Amino acid sequence: MSKGKIFLCRCEDVTLHEFRAAYREGFTEIESLKRYTGVSTGFCQGKGCLAESALELARLRGAEPGTVRPTNIRPPAEPLTFGQLAALDVPAPAAAPAQEKP
Amino acid sequence: MIPLSTGPVPATAEAVVIGGGVNGLCAAYELAKLGLKRVVVLEKNYIGSGSTGRCGGGIRAQWTTTENIRLAQESVRMYENMATELGYQVFFRQGGYLMVTEEEKHLAAMRDAVALQNSCGVPTEFLQPQECRRIVPDLDVSRLAGATFCPEDGTAYPFAVTWGYARACLRLGVSIFIRTGVTAIVSDGGRITGVQTDRGPIAAPVVVNCAGPWSRHMAAMVGVALPNRQERHEIMVSESLKPFLEPMVISITNGIYFSQSMRGEIVGGIGDPAEPHWTDPGQFDTRSQLRFAVRFAKALLAYYPRAAGVRMMRQWAGMYDVTPDHRPILGGVPGLEGYWHICGFSGHGFMLGPMTGKRMAKHIVSGEPDDIISSLSLSRFDSGETVADAFVVG
C-alpha cells in the first residue's frame, strides 16, 4: 500500500497525508481540521474516523493520546429523512417562558 | 500558512480587535490595509467558532431599511471580488434569494421593499407565485401569495471566508491569537488604554468590540450598556445531492431558509418563537433539539415535497446577537475615546461584515464621518425612534 493513500475518512476520501498537510497549513484545532478537510462529515458522521483523527492530531502535536477531544457530536446518531422527521411532533418545551419578539 | 498564535500576547498594539469571526477579521484586515501596524485579533476559541461558523452563509440585499440595503449591496460587491482580494477560495455563488410569503398582508410591504431596493440599484423583482417555478421548478407554490427575487444575492462558505481573511491579515502583519480570552477592557480618563487577557495585558489606544453574542458582556466591562440580547438559532445540513437548487429560498411567513451548498448539501434553518433569549453568556445553550429538526422538516416539505426522501446529516445551533431594531450597532461611544462597536447584527453579520469592516476601519483611522455608521450608532436607541428592518428571517 502506498503511504500517500492511507485513508483517514473513507466517506469523504480524506487521506492521512491531507490531514497532516492541513495541520501544517495552520489548521491546528480538531474543529478546524474537520471543516477544512471534511473529515468526519460524511455518511458515517465520524463513527469510523473521529477517534483516529483525534489520535493523529495528538501525534502531530507531540502530545499524549487522549489529550485531544474528538469534535462535538451532532445529532442525529444516524441520518434520518426529512419525511421521517416531518412525521414526528415535538411540542415547545413546557418550561419555555412566554416570548414577545423584539 | 496560518501561524495562529497561542503564545504570550504583545505588550502593546495600535489596535486590539476582540473576536475572530467574520467581523473581527474583516475589521482587522481593513485597519492593517489602511496602514495600522501591530493590529492584534483576540479569539477566545478558534477562528470562526462563534456565530460566523454556525451561520447559513447567506448574503442578500433584500432589506427594508436603506442602511441594511446599502451595507449588504456593498458587501455583495466585495464578495464578488473576495477570492481575488484575499487570494483564497470562499465558495461564493450568486444563485439569488427567493423570498416567499403565503400572506396577502405582506405583499404591499414587499412591493415597497422592491421599490426601495431598486432605488438603491438592487435588481430585485416582484414575482407572482407561478413565476417562482421559473427559479425553483419543483417549489410548491400552491399556498404562496407572492415572492421577490434578487439574482445578485448568494451564499459563501463562512469558514473559508474567515480563513481567507485570517491569512490576508497575517500577510499584512496582523497578529491573531486563538484560545485567548479578554478578561477586562481598560480605560483611563475617558480614553481606552488597553485590554487584559488570560495571556497577559496589552496596552492599546483602540479597542474594537466584534464579539458578536459576547459583545454585550465585553461592552459592560468598560461600562457601556448595550440593548442587545442573545438568541439560540438552529440549522442543519443534509446529505449531498446533485445541483438542483439555484437560489436561497426564504419564507417571511414561517422563517425557514434553505439553499444548496457547493458540496451539494441542503443547508437550512428556521426561527422558533418559543426559543428563550439571554443576556448573560453563562446562560448560552447551543445544544441541538429534536424540535428544530422536526419543525424544519415540516416547513421544508411544505415548500419542497420532493425532499421527503433526502436524509438530514447533522444539526447544530448558534447565537444571534439581536438589537431592538434588528440592525447592527456601529461606531463609538461619546466620552470613551478609542472604543468602537461592530456588533448587534441580529443574525446577519456574515452578509454585512465585509463592508462594515471596511467603513468602520476608515472611520476609525481617518476620523471622517460616515453616514451609515452615524445612523447605526448606539445613541439611536436613546431617542426611541428607531426603524426596525421588517425582513428578519431565520
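**Ground rules.** I number residues from 1 along each chain as its sequence is written, and chains are lettered from A, with ligands numbered from 1, in the order in which they are written. Since I am reading a prediction, local features need pLDDT of at least 70 and side-chain atom pairs count only at pLDDT 80 or more, while totals for chains, interfaces and linings use all residues.

**Entry 1, the whole chain.** I started with the overall build of chain B and found 9 helices and 20 strands (DSSP runs numbered from the N terminus: helices are H or I with at least four residues, strands are E with at least two). Its C-alpha atoms fill a box of roughly 65 × 40 × 40 Å along the principal axes. I then looked up the radius of gyration, which is 20 Å; this agrees with a compact globule, because one of 394 residues would have a value near 21 Å (taken over C-alpha atoms, with the globule rule being 2.2 Å times the number of residues to the power 0.38).

Next I went to β14 of chain B, residues 248-251. Are its faces covered or open? Both are covered: B:Met248 and B:Ile250 are buried on one side, B:Val249 and B:Ser251 on the other. I found β4 (residues 97-101) running parallel to β14(B), joined by 4 bridges (strands pair if DSSP finds at least two bridges between them). Here B:Tyr97 stands opposite B:Met248. With β15(B), residues 256-260, the pairing is antiparallel over 2 bridges, and B:Val249 faces B:Phe258. The hairpin of β14(B) and β15(B) has 4 residues between the strands, and B:Gly255 takes a positive phi near 80 degrees there.

I counted who takes part in the contact: 33 residues from chain B and 26 residues from chain A (C-beta atoms, placed from the backbone, within 7 Å). On the chain B side, α6 (290-303) and β18 (311-322) each supply at least two residues. Which element gives the most? That is α6(B), with 8 residues. I also noted that β3 of chain A (residues 80-81) runs antiparallel to β18(B), joined by 2 bridges. In that pairing, A:Leu80 has B:Met312 as its bridge partner.

How values were computed
A residue is buried if 20 or more other C-beta atoms lie within 10 Å of its own, exposed if 12 or fewer, and partly exposed in between; C-beta atoms are placed from the backbone. Two residues are in contact if their C-beta atoms, placed from the backbone, lie within 7 Å.
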